[in-house]
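Trainee: Can you take a close look at one loop with me? After that, I'd like you to carry on into the rest of the fold.

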Amino acid sequence: MSPVTRLLRRGIGLPSPRTPRVRVVRDVAVPMPDGVALRHDRYVPVGISRGPVVLVRSPYGRAGWIGAVFGRIVAERGHQVVVQSVRGTRDSEGELSPFDEADDGVATVRWLTAQPWCDGRVVTLGPSYLGITQWALAPDAGPALRAMGTIVTASQFRDQTYPGGTFSLDNGLSWAAMMQRRGIAAQLAERVRHRVEAGFAAVPLAGADTVASGRAIDFFQDWLREQAPDSAYWAKRSYAARVAEVARNGVAVSMTGGWQDIFLPWQLADHAALRAAGARPVLRIGPWVHTTPAGMAAGIRDALALFDRTLDGVTGPEEELPVHLELSGGGGERRLPDWPPAHVTERALYLRTDHGLGDEPPTAPSSGGAHWAGTRITYDPHDPTPAVGGPILTGRSGPREQAALEARDDVVVFTGPVLDEDLVALGPVRATIHVRAEVEHLDVFVRVCDVDGSGRSVNVTDGIRRLTPTAPGPSADGSVAVEIEMWPVGHRFAAGHRLRVQVSGGAHPRFARHPGTSAALGEADLLVPREREVLHDAAHPSRVVLAVER
């Protein structure tokens, strides 16, 4: 065992290795049905000649942290590991077609189970893209697949790409540009990031990839075009409809997510599908963003424990209480039998005309037209409302101080009274925001913040919705009731703190700015400032609904 893996093992929180000596067979080529060869490294614990295999399929190469953490350290636990580069990455042949991983994954499992050193049992492991490769192969892997260790991921990435009908510009462009610069020297990374940030400002958006990477990126252009929920492009790359099959096949699953991870809402949809099909997946959620080392470590520990139970019959407390939650805001931990929690109740926070928050619906009269009770703001796409923290792929994610954002005149803020006692929010969050505008195309962004005794405001959860003339469509009086599914939450608002709700017209570059017109995503070359009114009167009870512990 090398000093590096010793440090990594301690960082992950694993016990001493079962097998400190590991042999690595490098650059093994596996033919796919179409003749393309994919290459992998095989990690073999010394003394193991035959047994189950942990399969890791990665677009990020096989060396570095991928090989050390998911190859060598897992092998030190006594498991054979195959770390494969997916099609079109590193030295695997073919062309990368993001998320289209089913055929290659299934072919790889069949090749593995035909090898004399595999006993016919396969488990899978990995975060993010390494997670969707697991869901891609799972339905058709047959009885060989016994368990999946999924970390900050989901069975489909389409909805993360277009949350609420918008476009995840920061996540999409950052990842697309990263995949074009494999092998870049570390000292150039900051310069390349500046190019990506310049791409965020591209008008029209179809030129963003060229600004960020120096050339057009085919799959980024696909993402700009293929927004429709029934798109054949995304249907080929979504495995959500078959999650229940994975449960019925008896595959054990561990799922690790973060309260501010980019995939959490859709990971929990996968959890619900597994539960509906009778499975009992292990679910852990903590105060993490997509790349938090502590969250990654927790996911690896849970996956390895799952493999021990599945392959070796080891029992553990997760079998009784499979949901393990670590709350932000110092809220402690919860061990529960299921998600969403059964011990919570809904609490609505109504936006008030005095810019407070109340538990009761507003009573301000509304006679329609200019006499509606509301707050006007103007969203200017030339100076789009910025993103400050939240579930973002890059390092600017997570909880962030909101003072500068809340001081802008394109953000309207509503603040509740000082809490007499702790308020623990735990579960789904949704908002209904009534607006009126002269245009039928606009975005509505809503955020809940925790304001401490000094007045420092920090984001906790948020969500966005893009309006079109028919979705959701106007009410009889011309206003629009905008329903927004926000990020699930696990947070303690401490006594002495206050809750705050922000409403604005976007969060750029996390989400692509709305041009103020009906132009298609990627094609808008005209940016038009647009005014809208956030309504909060008796006829338009705008609110955020939290699930809170009783």
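Mentor: Go to Pro 509, which sits in the loop between β19 (498–504) and β20 (530–535). This is a predicted model, and it joins His 508 to Pro 509 through a cis peptide bond, with omega at about 5°. Most peptide bonds are trans, and most residues other than glycine have a negative phi. With that in mind, look at another loop, the one between α7 and α8 (208–213), where you'll find Pro 204. There, Val 203 and Pro 204 are linked by a cis bond too, with omega at about -5°. Arg 90 is one to check for phi: its value is near 50°, positive although the residue isn't glycine. You'll find Arg 90 between β4 and α3, again in a loop.

Ten strands make up an open, mixed sheet, ordered β1-β2-β4-β3-β5-β6-β7-β8-β9-β10. The edges belong to β1 (22–31) and β10 (333–336); each has a single partner strand, so one side of each has no neighbour in the sheet. Going from one strand to the next, the twist averages 20°. Val 56 has Val 83 in β4 as its bridge partner.

Now the helices on that sheet. α3 (residues 102–113) lies across β1, β2 (37–45), β3, β4 and β5 (118–127), at about 155° to β3. α13 (residues 293–312) packs on the sheet as well, touching β3, β5, β6 (145–151), β7 (252–260) and β8 (282–289), and its direction makes about 170° with that of β6.

Zooming out, the protein has 14 helices and 21 strands. Its radius of gyration is 24 Å, close to the 24 Å the globule rule gives for 550 residues, so it's as compact as a globular protein of that length. Along the principal axes, the C-alpha atoms fill a box of roughly 80 × 50 × 45 Å.

Technical notes: Residues numbered from 1 in each chain as written. Predicted model: local features only at pLDDT ≥ 70, side-chain atom pairs only at ≥ 80, totals over all residues. Heavy atoms only, no water. Pairing = 2+ DSSP bridges. Helix = DSSP H or I, 4+ residues; strand = E, 2+ residues; numbered from the N terminus. Axes fitted to C-alpha atoms, helices over the stretch in contact; angles between N-to-C directions. Contact = heavy atoms within 4.5 Å. Rg over C-alpha atoms; globule rule 2.2 N^0.38 Å.
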